[in-house]
Amino acid sequence: MTGTAREAAWAKLNLSLDVLGTRPDGFHDLRMIMQSVDLHDDVTVTLDGTGVCRAETNRSYLPCGADNVAVRAAQVFLERAGLTCGVHIRLHKRIPVCAGLGGGSSDAAAVLRALNRWKDYPLSVYALCELGAQIGSDVPFCVLCGTALAEGRGERLTKLPDTPEMFTVICKPDVCFSTPALYAKLDDVALAKRPDTRAMRAALEKGDLEAIGAGLCNVFEQVAIPDHLELNYIKSIMMSYGAYGAQMTGSGSAVYGLFDSFEYAAVACTMLKDKYSEIFLAKTV
Ligand code: C5P
C-alpha cells in the first residue's frame with residue numbers, strides 16, 4: 001500500500017482567549033476565538049509497507065517518533081481506519097515552535113486531513129476533529145481552520161463567518177513559556193480583564209477591523225507579560241506602525257499585530273527585524 005499526499009499546516013492566532021476554570025480531568029475550560037493565517041508548514045505524508053510511523057523535519061531538535069504529535073496523529077488515524085501500513089511524514093517547518101501559533105497541532109491536523117483525503121474521505125471533518133482531540137487541545141481547530149469559537153478543552157467548535165482579509169505581523173521573541181506553568185499561575189491570580197467574546201463575535205460578523213483590534217484579549221498575557229515586558233515593547237512597535245490591535249497568541253511567546261494594509265504591516269516588520277529574527281508577515285485564511 002503506497003501513496004503520497006501533501007497538505008499545508010496553517011498557523012493559528014487567538015483573537016480571544018479566556019480560561020473559565022479547572023476541570024475534573026485536570027485541564028481547564030476555555031473560550032477562545034481562533035483564526036488561521038497563511039504562515040504554514042508543508043506536510044508530506046507517504047504510505048509504505050513498513051508498518052511504522054515516523055517523521056523527518058528540517059528542525060533537528062524535534063522528535064521523529066511517537067513523541068512528535070504528527071506521528072501520533074498518523075497512528076491514531078491508522079488505528080481508527082483499521083490500517084496496518086506505515087507512514088513517513090516529511091515536515092518542512094516554518095511556524096516557530098514554543099510560540100502559541102499551534103505549529104505542532106497544525107502538523108498533526110494536516111496529517112489527519114492528508115490521510116483522510118488519501119483514503120477517499122472515509123471520515124467527516126467533525127469525526128477528524130474528534131480524532132484530533134485525542135492528540136491535543138488545539139488539533140480540532142487546526143483540522144477545521146478558518147475562524148471559529150472553541151470551547152471546552154478546545155474541542156467544542158462553532159464555525160464563525162470568515163473574517164475580512166487582514167494582514168498580520170507575527171514576532172516570536174527569544175523566550176519560551178511552559179504552557180502548564182502559565183495555567184498554574186492563572187489558577188492563582190484574580191484576572192483584571194477578560195475577553196468580551198460576544199462583542200468579538202459581533203465585530204467579526206460586521207467585519208469591523210477597528211472593533212476586532214480593540215477587542216483582542218488573551219488572559220495569558222496577565223501572567224506572562226509582568227516577567228517579560230519585552231512583549232509589551234513588541235506590541236507598542238506594532239501599534240505605532242498602524243496595527244488595529246496587538247497581543248500574544250495562545251500561551252506565547254509570539255506576539256502579533258493586525259493590519260488592514262500590507263504596506264503598514266511591511267514597515268512594522270522592517271522595524272522589528274533590527275532586533276528579532278523570527279518575524280513573519282501573513283494574512284488571514
Ligand atoms: O492539549 P495540549 O497538549 O495542548 O495541552 C498542553 C497542556 O496545557 C496540558 O498538559 C495542560 O497542562 C494544559 N491545558 C489545560 N487545559 C486545556 C488545554 C491545555 O490545562 N484546555
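## Overall architecture

The protein contains 10 helices and 11 strands, where helices (H or I, at least four residues) and strands (E, at least two) are DSSP runs numbered from the N terminus. This is a predicted model, in which local features need pLDDT of at least 70 and side-chain atom pairs count only at pLDDT 80 or more, while totals for chains, interfaces and linings use all residues. Residues are numbered from 1 along each chain as its sequence is written, and side-chain values use heavy atoms, with hydrogens and water left out.

A compact globule of 285 residues would have a radius of gyration near 19 Å, and the protein agrees with this at 19 Å; the radius is taken over C-alpha atoms, and the globule rule is 2.2 Å times the number of residues to the power 0.38. Along the principal axes, the C-alpha atoms fill a box of roughly 55 × 45 × 35 Å.

## Burial, contacts and charge

Of the 285 residues, 55% are buried, a term that means under 20% relative accessible area, with exposed meaning over 50% and partly exposed lying in between (1.4 Å probe, protein chains only). The protein exposes about 12,300 Å², of which carbon and sulfur atoms supply 51%; these areas come from the Shrake-Rupley method with a 1.4 Å probe, and for residues only the protein chains shown count as cover.

Among contacts with a separation of 6 or more, 73% are between residues 24 or more positions apart, contact being defined as heavy atoms within 4.5 Å. There are 28 positive and 33 negative side chains, and the centres of the two sets lie 3 Å apart. In this count Lys and Arg are positive and Asp and Glu negative, with His and the chain ends not counted, and each charge is placed at NZ of Lys, CZ of Arg, CG of Asp or CD of Glu.

## The disulfide and other cysteines

The model has 1 disulfide, the rule being a pair of cysteine sulfur atoms within 2.5 Å. Cys-98 and Cys-176 form this bond, with their sulfur atoms 1.6 Å apart. The torsion about their S-S bond is about 80 degrees, so the disulfide is right-handed. Because Cys-98 lies in the loop between β4 (86-92) and α2 (103-118) and Cys-176 in the loop between β7 (167-171) and α5 (179-187), the pair ties together parts that are 78 residues apart in sequence. Cys-98 is partly exposed, at a relative accessible area of 28%, whereas Cys-176 is exposed, at 51%.

Two further cysteines lie too far from any cysteine sulfur for a bond: for Cys-53 the closest such sulfur is in Cys-85, at 7.3 Å, and for Cys-64 it is in Cys-53, at 13 Å. Cys-53 is buried, with a relative accessible area of 13%, while Cys-64 is partly exposed at 38%.

## A cis peptide and loop residues

Cys-176 and Ser-253 are 77 residues apart in sequence, yet their C-alpha atoms are 6.0 Å apart in space. Ser-253 belongs to the loop between β9 (245-248) and β10 (255-259), and a cis peptide bond with omega of about 10 degrees joins Ser-253 to Gly-252.

Positive phi values in residues other than glycine are found at Asp-120, near 65 degrees, and at Tyr-121, near 55 degrees. Asp-120 is placed in the loop between α2 and α3 (125-133), and Tyr-121 lies in the loop between α2 and α3 as well. Both side chains' residues are classed as exposed, Asp-120 at 67% relative accessibility and Tyr-121 at 53%.

## Selected strand and helix positions

Ser-36 lies in strand β2 (residues 28-48) and is buried, with a relative accessible area of 1%. Leaving aside neighbours within four places in sequence, Ser-36 is in contact with residues including Trp-10, Lys-12, Phe-141, Cys-145 and Val-285.

Val-143, in helix α4 (residues 139-144), is buried at 4% relative accessible area. Beyond neighbours within four places in sequence, Val-143 is in contact with Ala-109, Leu-112, Arg-113, Val-125, Leu-128 and Cys-129. Ala-81, in helix α1 (residues 69-81), is partly exposed at 35%, and its C-alpha is 9.2 Å from that of Asn-116, 35 residues away in sequence.
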